[in-house]
Amino acid sequence: MKKTLVMFFVAALVILSVIVWIFHAKLTWGTQEILMVSGVVIIAGFALILGIKRLLSHLRKEPAEDEFSKKIMTRASSLSYYISLYLWLMLMYLSDETGLECHTLIGAGILGMALVFFFSWIGVKLLGTGHE
């Protein structure tokens with residue numbers, strides 16, 4: 001139950017931070033800002049969905065994670081790890097080709113890794129683990 005509450009707390013903290021950032025920053029709402037905000041909202045929504053699923057399992061007196069959900073999470077994390085390696089290689093190449101600042105590329109890489117995990121989790125959840 002503590003992990004579930006932490007998931008809700010962190011997701012709420014991230015959403016609150018993005019709202020404060022939107023109101024205090026002078027955003028031009030260009031492509032970069034829209035992609036950044038939408039990526040953070042997708043990841044925070046993913047955390048809320050997982051938290052709700054765990055909370056419902058707890059209320060039904062079921063274990064928070066069963067063997068299949070652990071297997072899905074393990075498969076998705078290993079798949080996203082390999083994809084993230086290529087993402088960072090692509091960002092290293094783009095750092096020489098573009099004039100973006102270093103902290104922008106690092107932030108994009110971290111957000112990209114989270115999105116890669118999200119889409120890997122969806123893919124493994126829909127297509128199965130492949131070893132059933």
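At 12% relative accessibility, Trp121 counts as buried in this predicted model, the term denoting under 20% relative accessible area, with over 50% termed exposed and values in between partly exposed (1.4 Å probe, protein chains only). Phe46 is likewise buried, its relative accessible area being 8%. Residues are numbered from 1 along each chain as its sequence is written. In this predicted model, local features need pLDDT of at least 70 and side-chain atom pairs count only at pLDDT 80 or more, whereas totals for chains, interfaces and linings use all residues; side-chain values use heavy atoms, with hydrogens and water left out.

Five aromatic pairs are found in a search of the whole structure; rings of Phe, Tyr and Trp (its six-membered ring) pair if their centres lie within 6.5 Å, with planes under 30 degrees apart counted as stacked, over 60 as edge-to-face and the rest as tilted. The rings of Phe46 and Phe117 have centres 6.1 Å apart and planes at 65°, so this pair is edge-to-face. Phe46 belongs to helix H2 and Phe117 to helix H4 (residues 102–127), 71 residues apart; helices are DSSP runs (H or I, at least four residues), numbered from the N terminus. Both Phe46 and Phe117 are buried. For Phe46 and Trp121, the ring centres are 5.0 Å apart and the planes stand at 65°, so the pair is edge-to-face. Phe46, Phe117, Phe118, Phe119 and Trp121 form one aromatic cluster.

Ser84 is located in helix H3 (residues 67–97) and is buried, with a relative accessible area of 6%. Apart from neighbours within four places in sequence, Ser84 is in contact (heavy atoms within 4.5 Å) with Met113 and Val116.

Technical notes
Helix = DSSP H or I, 4+ residues; strand = E, 2+ residues; numbered from the N terminus.
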